[in-house]
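Please read the following briefing alongside the sequence and the model.

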Amino acid sequence: MSRLVFLALSLLVTPLAIADDWPYPEDTPRIEPVNVGLAGERPADIVRYLMANGALSAAISPDGNTVAYTSRITGDQQLWLVDAQGGWPRQVTFGNGIRFFRWTPDSETLLIGRDADGNEREGFYLIDVSGERESVLLTQSEAFRSFGMFSDEGDAFLFSSTERNGRDFDIYRFDRATGQQIRLFEGNFGFYPRAWQPGGELVIVDETRGEDGNDVHLLNATNGEINPLFAPAVSAAYSDYAWRSDGSGFYLASNEDREFAGLGYYDLKQQQLTWLKTPDADIENVTLSHDDQYIAWTSNDNGFTRLHLMAIDSGEMLPVPTLPDGVYNVAFASAANQLMIRISGPATPGDVLVWDVTKAAPTTVVQSTLAGLSRDDFVSPEVVNFTARDGVVLQGLLYLPRLNDTDPTPPMVINVHGGPTAQARPNFRPQLQYLINTGIAVLDINVRGSTGFGKTYARLDNQEKRLDSVRDLADAVAFFAKDDRIDANRVAVMGGSYGGYMVNAVLGSYPGVFDAGVSMVGVSDWVRALEDASPSLKASDRIEYGDITEERWQRFYADNSPINNAERIDVPLLVQHGVNDPRDPVTESDRLVQKIRDNGGEVTYLRFPDEGHSLAKQKNRVAFYRAMAGFLEAQLMLRDIADE
């Protein structure tokens, strides 16, 4: 039996009962041992791609001496430390994986956040850099929390929490000496502390205003007094706040009164926002050196990141190192001129570099591994633009397999990102790279509503225009039917979160266009999903989708939810969901799967009892993506073989 046929016939999972009322125990995966095969085998098993490993997130210590980063190399996301000059990394957290971390100002300890199997209700803990002393700051509870930042001295920190009523994010101040917290500000929906003024008590606070906008306030961290700062008539996005060291003002990125986010400076005394750079591309990752001499930022060029560095006094643009293509996160140490750069790219699972900007070259301190795969096996995408039927120009990243004599015109998977206000970008995507090397082309599409292409484009799917973005997927297939590099008669659609909704929607709304679908943690009933959404989503959903408490929106989504077209889904569907998902409840997939089965449709369901909105555990990632690979290969590559 060939490897492809084996993958197509086996999902490598067996039944395991779980303690809820879902009546199909066979849908719950049991994790089985897998054999990754030998290095150099062609084609390589997807497990090797999933074992390619690097830094998932990273931050440099305030003193610039240490880089902390998260890695899934042990199976769960854990915290590691490495010297900023390079050296051997040390794992400092164990047991249940962490969701995030932050350095304390003294560079001697870190705050970490843990939840319970993906439920996103985090407790806060403190661990020292040796990993030998750990303490509880705030235990896990039913409240959702969002960490803000430490004070200059590290004796206090701010965070947002829903503990008052389960819906609204209020702002709290936690005193480390006493272990007490006080509520500074009572919010309505989403209020989040972002940046504390050096040497002062002013804190920049974001108030959620839709998926792609926020208003900004200044909060006094001592007495809780709050005053509005930015609240334009047409909502805008503000982010990446970087205070000057004397607290006189701050740099930021914003698209106020413009299509793309520019680099601006707000002067507190003058109460004026001045634009410094306004390119036709979003500016991101604004970060300031501790001595106010240098400012760095990145720009978003069709998804690819470009790094920029400027001397503040002269305004001179300074040379930057040549870096691999991909997506970067950059940040200065808060007390040193060390710039940390994390890179995720088509062949880079997560490298971390530290660059003293007064010197020529950066030092690589975290070198990712490709798990025995050749770098030549990884494909970089090309940017494609095409026009939808209503004239809107759409964009995507097209990954083409290398020429194959046995199947010179490959099938295609259209991959839909979540969000919806997010963007398909050329970061490390092991599951996509596996499909490409198997001989399947991938279009990582940016339908209308995606970010990165201007404010207008990001809002083309709001409210009543929701279904226009679903139609974009059908238009993409029509476009590639005219491209002789693709076999548009063999096309599947795949997506997670909002992308999962898009899969559910397009298969029922446009039957006959796609041959198969993979839906991960997707919405099937918008009325229920919006009513049951987690508090952070409720804070943004009102503008993006409409206020579900209003009858007009209840009627609209009752008529336009995928569950109503489930009987029209007439192609094989693979569905994945985590039981603990607080964003899109597992019942969203349960009801869709049940309705398809009741109608005699073909659906395979992987329902993980120990996961939430994403697959955090490596064992579960292996189980699901192996199943996904076998499913797509069977539907797109083995179908013709079976017909012969």
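**Helix H3 and its surroundings**

Helix H3, residues 430-438, is mostly covered, since eight of its nine residues are buried. The model is a predicted one, and a search of the whole structure finds 38 salt bridges. The points below begin with this helix and go on to a sheet, several charged pairs and a surface patch.

**Helix H3**

- The buried residues of H3 are Pro430, Gln431, Leu432, Gln433, Tyr434, Leu435, Ile436 and Thr438.
- H3 is followed by Gly439, a residue whose phi is positive, near 110°.

**An open sheet**

- Four strands, in the order S1-S2-S3-S4, form an open sheet with antiparallel pairing, and its edge strands are S1 (57-60) and S4 (90-91), each of which pairs on one side only.
- S1 and strand S2 (residues 66-71) run antiparallel and are joined by four bridges; Ile60 has Val67 in S2 as its bridge partner.

**Salt bridges**

- Arg99 forms a salt bridge with Glu122, in which the closest N and O atoms are 2.7 Å apart; this pair links distant parts of the chain, 23 residues apart, with Arg99 in the loop between S4 and strand S5 (100-103) and Glu122 in the loop between strand S6 (109-114) and strand S7 (123-128).
- Within that pair, Arg99 counts as partly exposed because its relative accessibility is 34%, whereas Glu122 counts as buried because its relative accessibility is 6%.
- Asp525 forms a salt bridge with Arg591, the closest N and O atoms being 3.0 Å apart; here too the pair links distant parts of the chain, with Asp525 in the loop between strand S34 (516-520) and helix H7 (526-532) and Arg591 in helix H10 (residues 587-598), 66 residues apart.
- Asp525, with a relative accessible area of 11%, is buried, while Arg591, at 32% relative accessibility, counts as partly exposed.

**A salt-bridge network**

- Arg164, Arg167, Asp168, Asp170, Arg183 and Glu186 are linked in a network of salt bridges.
- Asp170 and Arg164 form a salt bridge in which the closest N and O atoms are 2.6 Å apart.
- Asp170 is buried, with a relative accessible area of 0%, whereas Arg164 counts as partly exposed at 31% relative accessibility.

**A negative surface patch**

- Asp152, Glu153, Asp155 and Asp175 form a negative surface patch.
- Glu153 lies in the loop between strand S9 (145-150) and strand S10 (156-161), and it counts as exposed because its relative accessibility is 63%, where the cut-off for exposed is over 50%.

Key: Residues are numbered from 1 along each chain as its sequence is written. This is a predicted model: local features need pLDDT of at least 70, side-chain atom pairs count only at pLDDT 80 or more; totals for chains, interfaces and linings use all residues. Side-chain values use heavy atoms; hydrogens and water are left out. Patches are made of residues with over 30% relative accessible area and no salt bridge: like charges are joined within 9 Å, nonpolar side chains (Val, Leu, Ile, Met, Phe, Trp, Tyr) within 5 Å. Accessible areas come from the Shrake-Rupley method with a 1.4 Å probe; for residues, only the protein chains shown count as cover. A salt bridge is a side-chain nitrogen of Lys or Arg within 4 Å of a carboxyl oxygen of Asp or Glu. Lys and Arg count as positive and Asp and Glu as negative; His and the chain ends are not counted. The place of a charge is taken as NZ of Lys, CZ of Arg, CG of Asp or CD of Glu. Helices (H or I, at least four residues) and strands (E, at least two) are DSSP runs, numbered from the N terminus. Buried means under 20% relative accessible area, exposed over 50%, partly exposed in between (1.4 Å probe, protein chains only). Two strands pair if DSSP finds at least two bridges between them.
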